[in-house]
Each structure stands twice: as C-alpha cells, then as structure tokens.
Amino acid sequence: MFRFRAIRRLALCAASIAAAGILAASAEGQQALSFFKSIPNGVPLPNSSGASQTWSSTGSIDQTGPFFQSMGTNGRSCATCHQPSDGMSISATSVALRFLLTQGSDPLFVPVDGSNCDHNIDLSTFRGKQAAYSLLITRGLIRIANPVPPNADYQVVSVVNPYGCNESNVISAYRRPLPATNLRFLSAVMWDGRESTPLTGTQKIGYANYASALQQDLAHQAVDATTGHAQGDGTRPTTAEQQQIVDFEMGLTTAQAFSWRAGPLNANGAQGGVAPLLTQPFFISINSSVNFLVPQMEMPGGQVIPGDGKFSSSIFNAYDSWAALPPGDLRASIARGEAIFNSRAINITGVAGLNDDISAGGLVAGGIPVLHGTCGTCHDTPAVGNHSFATPLNIGAGDPDPSSPSTNQGGLDISYLPKITICRTDPSSGAVTNNCRTTTDLGQALIDGKFDHAGKIKGPILRGLAARAPYFHNGSAQSLLDVVRFYEKRFGLALTKQDESDLVAFLSAL
Ligand code: HEC
Ligand code: HEC
C-alpha cells in the first residue's frame, strides 16, 4: 500500500511537470503557431486549467489577413495583443515569457503604450526595460491615455502616477486587452464604451441598429487601434482591410473546451466548448435585467426596446447534466459552481449605474439602494455573460477602499495604479466644489465628461477566461479565486471554501 502511494505520488509529480512543460511552451507555442498560415478549428490551445479553442466561421484562423499584419510603424499587429493561444487577449504569463524569450525586443514592448509611462524611462539595458514595462510583464496592462473632455462637469485636481505620467489634461489608465473574439455578443465596444459613442464618431449599439452599428464601431476601432497602438499614419487599414478585420472578428468564437481534471467539457451531455455557442441567439436586450425592471423602454428618437419582463437569472446551463455526478467528481463541482452563479443571492449596493439610477435609459430616478440580484443581474447575456444591453457600471474594482487605500473595494491590491482625484465644478460659476472623489481609472467619465460616471465600465464577456489571466479591467485579480474573493468582500457574500472552489472550477470551464 505504502509503495503504491509512493508510485502514485511520483506519477502525479511527473504529470504536473509535463503540464508545466506544456505551459512553458505556450508562448513559444504561439511563436510556432504564427509560422502556420492558419490554425484549423478545433486545435486545443493549452492554458493552466486545460485548453481553449477558437473557431472561425471560415473553418480556420487565417493568419495572413490584416489582423495579423503590421499596418503601422512599430511592427505591431492586432495579434501582438490579441493572440489565439490566449483567448484572443494576452495573459500576463505569456507576456512575461515573451519578454524573456525576446529580451524585450518583441514589438509588444514599445513605449507608446507598452511601458508604464512614455517619458523619463531608460530602455538601454535589460533591467531598465524590465522596470519600464513592469505593469505589462506582471499584469498584462496597456497604458490607455485619453484627454479630459472639454465640456466635463468636473476638474482633475490631482494625478498621482507612480511612473511619472502625471499630466492632468491627458489621463493615463492601465487596462487589460479585451478579447477580440465572441464579438457578435457585444453591446458596447471598449471597457469605457468609447468606440460606441458620438465622441469617437461611432454609434451606440441599440436593438434596431445592432448588427450594422456594431460592425461600424469595430471598423472604427480597428482604425483607432492602428493609429494608436501601432503608431500608424492613418492610411491603413484601408476600407477593404477594415471590412476584412470586422468579418474576421465577427466570425470568431472562443470557449474553454478541455479541463485537465474534468476532461472534455462536452462529455456526458454537457454543453461546454465552442460548438453550442455557434448557434447561441443574441440581440440587444435579449435578457436584460435592466429591461426586466421596466418592461419597455423608449429611447431618444422614439425607438422602443422590447423588454419582455422575463429576465432569467439562469445565464449558463452548459453543465446542468453534470449535477447528478458523485460530489467528489470535478465535473460535479463545475455544475455546482454554475448553480451558484445562476442563483446565489447578492445584495447589490453602491454600484454606480445600477443603484444610483438605471442610467442606461434614465429608467429609475433616484435609483434603488439595495438590488436583490445574482451574478447574472449584471452578467445577463445567456451563455456569454456580458451586458445584453449597454450598462456601464462601477463595481469598485478600480476604487480605493477608504479604510485601506492601497486595496480596492474588494480587498485586492491596487497600489500599482495611479490615483486620480476629480471634483465637480459649479455649473454656473465653473468653480471647483468640494464634491470630490479619488479613483484609479475615470472610465466613462473620461468619455462623456460626467462626474457621476467616474469608474463606470462594461462587464466583459465571460468565455475563454482561463486563457487570459489576470482579470478586471486593471488586472487587479491575478486569478479567478481573486475575482471570487473580490465579490465576497465587496458584496458581503458568504461563500464556503467549497463554494469558492466550485465557482472557480465553473469560471475556468467557460
Ligand atoms: C498594444 C496592444 C494592442 C494592440 C496592438 C491592439 N489592441 Fe485591441 N485592445 C487592447 C486593449 C488594451 C484594449 C482595451 C482598451 C480599452 O478598453 O480602453 C483593446 C480592445 C480591443 C477591442 C474591444 C473588444 C471589446 O470587448 O470591446 C477590439 C475589438 C480590439 N481591441 C481589436 C483590435 C484590433 C482589430 C487591433 C488591430 C488593428 C488591435 N485591437 C490592436 C490592446 C491592443
Ligand atoms: C453589480 C454588477 C455585477 C455583479 C453582481 C457581478 N459582476 Fe462580475 N463584473 C461586473 C463588471 C462591471 C465587471 C468588470 C469590472 C472591472 O473590470 O473592473 C465584472 C467582471 C467580472 C469578471 C472578470 C472578467 C474579465 O475578463 O476580467 C468575472 C470573472 C466576473 N465578473 C464574475 C462574476 C461572478 C462569478 C459574479 C457573482 C459572484 C459576478 N461577476 C457578479 C459586474 C458584476
């Protein structure tokens, strides 16, 4: 018996070394993958929980298209930050490996937005580069700098940026690349929705204009991404290339397909993996919890959004069939995690965009102090988990906790982020009032200039999560367990250790 155990331990040890080997190979794997002209649908792309898959409507990911070409001046392509191996985002682990393997010479590492700040940095030595790109290497963060809108109803009174980007007219935020996949389910483009607003000359995505508005927004985004990240001169992508990029993006579907411990995610009647997502219906407000509150909504211009008053909190049901398996089976744990996501009660308080007013449509004046909800109140798109209706929210992932300012409101470290203080201005005199707040990312307030919108951003698509740690717009959650613990602290959710690991097992299987 003793010997058997020892052998089993050895075998487990060997298995984990093999797994680590595959992991370590993934950044190299991506380099190797990029030698192939295309990646056929169904190729498993390994990550720490198992493997994801990204399918293209054309049968394979064509790596010769404009998405994979350098169209600017610094050698970057869209794929520099949106890689098939990383669920069409980039994980911090693979960024760190890329930094080591290329000694920081990959075009990802350029100062325009890759380094913590673009001035007063020393890139002449390896150590200098390591320091300059530390947020990218450790958290996968890109610096996103945007000007304060001229009509803002607030003034930026201080910017404390640990890296020297202290300008108060152009504010630097540090954000994770959103996955460039599953995009047909989007209700707003970018964390702050800026590629779906008049500010950038793009359109708000509504029920009636959904497909065309989304595609136009994505085309515009491709131009802005090339001018910004790739330091392009504005001539590319051409109109034809924009269309190719949009078609490519709209045709991609990503999901975790395999788990190291649970096996294939579509076994025993389960509906995990890419295939069920391909036929998943979507339209704006398909299951909006905001529309649930008010069954019908008239938009400016007279357009009526058909809220059917039938919001269902059962957002995911891929793993229902595993609920009956023996409790010790990881597959049963995934099913329990799904049930927690769909049904565990959360008292939602202090969330700008929900509790102050349902500002998505100006629905409830004065708001609702406590909303009795679930994870799906905010992650409401069936089988996908983003907002089915554009609903920028501030859950506090970027807001310092007043009692412990180096952590956010869910207890996660945010000491590496800048602190930006804004004060509302008096509408008649323009003078600064003492109504002020401090945050690490102004979110929607930097787009529409509204003090009340500080920190409001969108809830992203929750598929392919295991391929793209860390999480939240600012990378403050290093793991999915960090995400779960954030929610526990932020909303006073009481989860047992078993509940936590069930929820993590479920999120890792999306
Ligand atoms: C240097 C890294 C980098 C490069 C290069 C890059 N992106 Fe991104 N991408 C990001 C980041 C960071 C975000 C989120 C920024 C934000 O919301 O403020 C993002 C967001 C997006 C989104 C929004 C997805 C959503 O859910 O709203 C799309 C689409 C996208 N990128 C496509 C592209 C395309 C197309 C290209 C090439 C033309 C490109 N990206 C090049 C880093 C990059
Ligand atoms: C009050 C609305 C709300 C509730 C309730 C909510 N979320 Fe979120 N969730 C969001 C928003 C908004 C974001 C983006 C926050 C950010 O990046 O700062 C987010 C982000 C996430 C992310 C990170 C995704 C990524 O790509 O970085 C995960 C995972 C997640 N939520 C899971 C959950 C789970 C599990 C629950 C239930 C325990 C839950 N959420 C409840 C609004 C909500």
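The iron atom of ligand 1 has H82 (NE2) as its only protein donor, at 2.1 Å; donors here are N, O and S atoms within 2.8 Å of the metal (3.2 Å for Na, K and Ca), and water is not among the atoms, so sites may look incomplete. This is a predicted model, where local features need pLDDT of at least 70, side-chain atom pairs count only at pLDDT 80 or more, and totals for chains, interfaces and linings use all residues. Residues are numbered from 1 along each chain as its sequence is written, chains are lettered from A and ligands numbered from 1 in the order in which they are written, and side-chain values use heavy atoms, with hydrogens and water left out.

**Iron sites**
- H82 sits in the loop between β4 (60–62) and α2 (92–102); helices (H or I, at least four residues) and strands (E, at least two) are DSSP runs, numbered from the N terminus.
- Over at ligand 2, the iron atom is coordinated by H379 (NE2) and Y487 (OH), at 1.9 to 2.0 Å.
- H379 belongs to the loop between α10 (375–378) and β14 (400–401) and Y487 to helix α12 (residues 480–491), so the pair ties together parts that are 108 residues apart in sequence.
- H379 is buried at 12% relative accessible area, while Y487 is partly exposed at 21% (buried is under 20%, exposed over 50%, partly exposed in between, with a 1.4 Å probe and protein chains only).

**Around α12**
- The axes of α12 and helix α13 (residues 497–507) come within 9 Å and cross at roughly 130 degrees (axes are lines fitted to C-alpha atoms, for helices over the stretch in contact, with angles from 0 to 180 degrees between N-to-C directions).
- L480, L481, V484, R485 and E488 of α12 meet K497, E500, L503, V504 and L507 of α13, contact being heavy atoms within 4.5 Å.
- In the loop between these two helices is L493, which counts as buried at 14% relative accessibility.
- Leaving out residues up to four places away in sequence, L493 touches A345, I346, Y487 and E488.
- L493 and I346 are 147 residues apart in sequence, yet 6.6 Å apart in space, C-alpha to C-alpha.

- Cis peptide bonds, with omega about 0 degrees, join R236 to P237 and A469 to P470.
- P237 is in the loop between α5 (210–228) and α6 (239–250), and P470 in the loop between α11 (445–448) and α12.
- A383 is not a glycine but has a positive phi of about 70 degrees; this residue is in the loop between α10 and β14.
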